[in-house]
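Have the viewer open and follow along.

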Amino acid sequence: MQFDNDIKAVDALHQSYKSIKAEIGKVVIGQDEIIKSVLISIFSNGHCLLVGVPGLAKTLLVQTVANVLDLNFNRIQFTPDLMPSDIIGAEILGEDRNFKFINGPIFSNIILADEINRTPPKTQAALLEAMQEKAITAAGLRHVLPNPFFVLATQNPIEQEGTYPLPEAQLDRFMFNVQLGYPSFEDEMTIVKNTTSNQEVGLNKIINASQIQYFQKLVRNIPVTDNVVEYAVKLVSKTRPNTALSTEEVNKYVNWGAGPRASQFLIIGAKCHAAISGKYAPDIEDVQAVAEAILRHRIVRNYRAEAEGLSIEHIIKNLF
């Protein structure tokens, strides 16, 4: 892709985003905010954690995104007996008596890690290493993963028996933690009509892998003013209890605040949010638009907050 200048490139990203969203909307009904978050994390070169009860079209959403972006897609269903080699691949003895490496399902552009909290830490760690390094190591050799590489992990918040919750350090690798709610009554009517008939929706492929990589670089090129950076860093600093900028509410209700990765993601997320909204530079509203999904899994409430029913979202909103 070649554009005369970055302004035309941002316009192209804005138009592509609108087309992609419209295409996905043909299949995934009424999850506009979720679609937006997933696309922002792809264009920001991050990963996304979706938390929602079963049956809310998480798998369908990822399949549709992969289809419209013309990327290959693999789904891994996490279970308690899944081994790291089931994800990354394994060395096997070939017919020529030499060992060769067989790629696992992780060698794909988009990975749906379904119910990531159902599998033991050893297997979670194999996936999370791949997310961070964009490569895996097997039998001492490094294998680079396809580019772009995007992991969308899902968690079911209902039952926690027999699950292995992700440690904070591993949650931190996800750019966004997005909560899926139930569809509205009208949306559910549309969903039921569409999915209980023989209606087949043809999806157009809007952009491809090389265009996504171009847009990922473009997002990082977008200029950002010092006051917006200052606002983002201050917002993250306020979440850390008993520090210079922390608020009274944070000191009272929070055990741990967000780390520097949150500040980085806030700026990249704000740049991308501005670009897909047709703006050439992010402002404070763009930081606020992505703040909840970025900070939600990086702030640890204490017992007092849980006892008083104070949600993380409420604490974040009060920091604005």
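## The chain as a whole

Among contacts between residues at least 6 apart in sequence, what percentage join residues at least 24 apart? In the protein chain it is 76%, where a contact means heavy atoms within 4.5 Å.

Before going on, some housekeeping: this is a predicted model, local features need pLDDT of at least 70, side-chain atom pairs count only at pLDDT 80 or more, and totals for chains, interfaces and linings use all residues. Residues are numbered from 1 along each chain as its sequence is written, and side-chain values use heavy atoms, with hydrogens and water left out.

The protein chain has 14 helices and eleven strands; these are DSSP runs numbered from the N terminus, with helices being H or I of at least four residues and strands E of at least two. Along the principal axes, the C-alpha atoms fill a box of roughly 65 × 45 × 45 Å.

## Surface and charge

Buried residues account for 48% of the 320. Buried means under 20% relative accessible area, exposed means over 50%, and partly exposed is in between (1.4 Å probe, protein chains only). The chain exposes about 15,600 Å², with carbon and sulfur atoms supplying 51% of that; the areas come from the Shrake-Rupley method with a 1.4 Å probe, and for residues only the protein chains shown count as cover.

On the charge side, there are 30 positive and 35 negative side chains, and the centres of the two sets lie 3 Å apart. Lys and Arg count as positive, Asp and Glu as negative, while His and the chain ends are not counted. Each charge is placed at NZ of Lys, CZ of Arg, CG of Asp or CD of Glu.

Helix α3 covers residues 58-68, and its buried residues include Leu 61, Val 62, Val 65 and Val 68. The buried residues of α3 pack against α1, α2, β1, β2, β5 and β8. Just after the helix, Asp 70 takes a positive phi of about 55°.

Further along, Leu 82 sits in the loop between β2 and α4. Is Leu 82 buried or exposed? It counts as buried because its relative accessibility is 13%. Leaving aside residues up to four places away in sequence, Leu 82 touches Ile 76, Gln 77, Ile 87, Thr 119, Pro 120 and Thr 123. Leu 82 and Arg 118 are 36 residues apart in sequence, with 9.3 Å between their C-alpha atoms.

Strands β3 (89-93) and β4 (99-103) pair in the antiparallel sense over five bridges; pairing takes at least two DSSP bridges. Leu 93 has Phe 99 as its bridge partner, and Glu 91 stands opposite Phe 101. Five residues lie between the strands, and there Arg 97 takes a positive phi near 65°. Arg 97 is exposed, since its relative accessible area is 69%.

Most residues other than glycine have a negative phi, and most peptide bonds are trans. Asn 242, in the loop between α9 and α10, has a positive phi of about 55° and counts as exposed at 66% relative accessibility. A cis peptide bond joins Asn 147 and Pro 148, with omega about 0°; Pro 148 lies in the loop between β7 and β8.
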